[in-house]
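Please open the structure in a viewer and keep the selection panel at hand. The stops below are meant to be followed in order.

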Amino acid sequence: MTQRADVERYRENWQDEVDSAAEYRSMAATEPDPKIAKVYSNLASMEEAHIAFWEERLCSAGEKVGECRPSWRSRVIAWIARRLGPEAVLSTIAAKEAADRNVYVKQPETSGTRMSAQEQWHTRVLGQLLRTQPRGLSGTFLGRLEGRHRAVGGNALRAAVLGANDGLCSNLSLVMGVAGASINRHGIVITGVAGLIAGAFSMALGEWVSVTSARELAEREIRIESSELQEDPKGEGEELQLIYESKGLSASEAKRVVDQVLADKTATLDALEREELGIDPTELGGSAYEAALASFVLFALGAIVPILPFLAAGGSVAVVTSVALSGVALFAIGAAITVFTGVPIWRSGSRQLALGLGAAGVTFAIGRVIGATLT
């Protein structure tokens, strides 16, 4: 007899496959390249076959399956893909597939099937797409934000959320510190606006320097590679052949491709830039000015939240309203991140709320002490 724990596992697997199929279908529907759209459709078809597999197991256990309804997280991802294009969610879905690639290895029901191999194949396919497709919202303001928050996954939307969070947390702490010192409403507003402008310019300058430096480094590596190609084209061709062989081509196929590439020096340099250096010569890190403007705007959007109540009121009413409004924004930011991390909303939102208000509370207390000392 099937155990309750097994039934719950079947249902969890079924829901995961429903979510993945919906996400791939949305990506296929909005992908402009027919070949890549076909890849997404094929991935969706595999996931739909997996849905049927787990539906059969659930029915055999006497369970009612119900409607194939994607989870809220999956619906948000599908909505983003439909509105902003599949590249906007590609890294998020690839990370999810990589984390789940071995989920069926130890499940006895999938033994003798190709399901585990297919899940691992999904990871490889998406990994290859990540390397060859524009990252995030390439060519747009949000797409240029990946530099600052690359450590959290390189997703532009996630970077946008964190950029706004930087502004919110830093300016909330600043405003509360000044309010704790019992400075009047006018002084708090001036301080908050000054913090917004200073922080936004600092973020923008940091992005500009980061993108410019990355671009200059890439240009230097390309110059070195071009010089090496001029001096030793045969050696560079051998390097390319090894790279192609490592990607699965046979020695003869790799040699044929390299011979064709070497016939055109421009094509050879382009191939070396992409394959050996991992650099897209048409992008080179993107526009430093767009990255700076995006950082400025997103930081300012977060930083303005704690100031708003002081524009209409003063005293304890404005302080409490500012904390409440900022608390809602902090929880919303924590909840938004769960779209990419899969962490429960209440946990991520509460954690963000506690950290943000904790920092504000500390600066308020420090401001109160300093204010009392200077009085």
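This is a predicted model: local features need pLDDT of at least 70, side-chain atom pairs count only at pLDDT 80 or more; totals for chains, interfaces and linings use all residues.

Residues are numbered from 1 along each chain as its sequence is written, and side-chain values use heavy atoms, with hydrogens and water left out.

Select residues 34-60, helix α2 (helices are DSSP runs of H or I, at least four residues, numbered from the N terminus). At the start of α2, a side-chain oxygen of Asp33 comes to within 2.9 Å of the backbone nitrogen of Lys35. After α2 comes Gly62, with a positive phi near 80°. Now colour the buried residues of α2, among them Tyr40, Glu47, His50 and Trp54 (buried means under 20% relative accessible area, exposed over 50%, partly exposed in between, with a 1.4 Å probe and protein chains only).

Next, display α1 (residues 4-30) with α4 (residues 87-99): their axes come within 12 Å and cross at roughly 150° (axes are lines fitted to C-alpha atoms over the stretch in contact, with angles from 0 to 180 degrees between N-to-C directions). α1 is therefore roughly antiparallel to α4 (an angle over 145 degrees). Residues of α1 that meet α4 include Asp16 and Tyr24.

Finally, select Trp208 in helix α7 (residues 185-231). Trp208 is partly exposed, at 32% relative accessible area. Beyond neighbours within four places in sequence, Trp208 is in contact with Ala288, Tyr289 and Ala292 (contact means heavy atoms within 4.5 Å).

Definitions and conventions
Helices (H or I, at least four residues) and strands (E, at least two) are DSSP runs, numbered from the N terminus. The expected span of a helix is 1.5 Å times one less than its number of residues. A polar contact is a pair of N or O atoms within 3.5 Å; within protein, one must be able to donate a hydrogen and the other to accept it, and residues adjacent in sequence count only if both atoms are side-chain atoms. Angles under 35 degrees count as roughly parallel, over 145 as roughly antiparallel, 65 to 115 as roughly perpendicular and the rest as oblique.
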